[in-house]
Amino acid sequence: MITSTDVAELGTIVGIWAHPDDEAYLSGGLMAMARDNGQRVVCMTATRGELGTPDPVAWPPDRLAAERTREMARCLAVLGVHEHHWLDYRDGECAAAEPDGAVERLCAVIDDVRPDTVLTFGPDGITGHPDHCTVSAWTGVAFDRAAPPGARLLHAAVPAPRAERWDELNASLGVHLPGYPVVTPPERLVVDVVLGPEVADRKVRALAAQTTQTAGLIGMLGVDRYTAWVGEESYVEAARIPPTPRRAVTG
């Protein structure tokens, strides 16, 4: 099992996520520690999160997308990540997108970067969000097509003890769709990191840079409780699927 002192074992990392802030919530500590080690970290985001607001009058989609683009840049700067790719799909519409094009774009980055580790959602998407689940599926196919030999595909997971500890808060915030999260036994984890104070503080500063998404929550919970809530990151080894043949091109 990888702990905070073993992040170097992850080597070059590519993280593939659905919305701005997914990357920070699920891997902000890992990315920060990897960058401090001199490891290469590349982040990919499928959408600009333009529907991520309870107030679409104040934040119409185009305005929110532009603001979240700026917030994302500030967040990644705090973590020391300077390589980022937008896929520019519409928020909430990943499942309706043509999958071959998405997979090809992921393949191009994976083939270029040659990562040792790819991080993404599991098939459950952590929260059950359809965009999360779709990005997980795209990533699995792209990994099988383009990842170098020996690379690892890791899925973000919610360990049973953490689910129990935060169940009441998560339910009050509506974090998960009904029936989620899918809880993982601790013995299945291959990455289980409890962030030290300095890294946890840096992760919270990165999340706080995504102000439209986190300011109200941090204000409601207080910094200490929010820090504890986001202070662990866990992953399981992805179950392998048979590779999907590339579609023949004629013309």
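**Notes on the sheet and its helices**

1. Start with how Helix H2 (residues 61–79) sits: H2 lies across strand S2 (41–47) and S3, at about 155° to S3. Helix H3 (residues 99–113) also packs on the sheet, where H3 touches strand S1 (13–17), S2 and S3 and makes about 170° with the direction of S3. Contact here means heavy atoms within 4.5 Å; angles run from 0 to 180 degrees between N-to-C directions, with axes fitted to C-alpha atoms, for helices over the stretch in contact.

2. Keep in mind that this is a predicted model, with local features needing pLDDT of at least 70 and side-chain atom pairs counted only at pLDDT 80 or more, while totals for chains, interfaces and linings use all residues. Residues are numbered from 1 along each chain as its sequence is written, and side-chain values use heavy atoms, leaving out hydrogens and water.

3. The sheet itself is open and mixed, with seven strands in the order S3-S2-S1-S4-S5-S9-S8. Helices (H or I, at least four residues) and strands (E, at least two) are DSSP runs, numbered from the N terminus; strands pair if DSSP finds at least two bridges between them.

4. Now look at helix H7 (residues 211–221): Thr214, Leu217, Ile218 and Leu221 are buried (under 20% relative accessible area; exposed is over 50%, partly exposed in between, with a 1.4 Å probe and protein chains only). On the other side of H7, Gly216, Gly219 and Met220 are exposed. The buried residues of H7 pack against helix H1 (22–36), helix H5 (160–173), helix H6 (197–208) and helix H8 (223–229).
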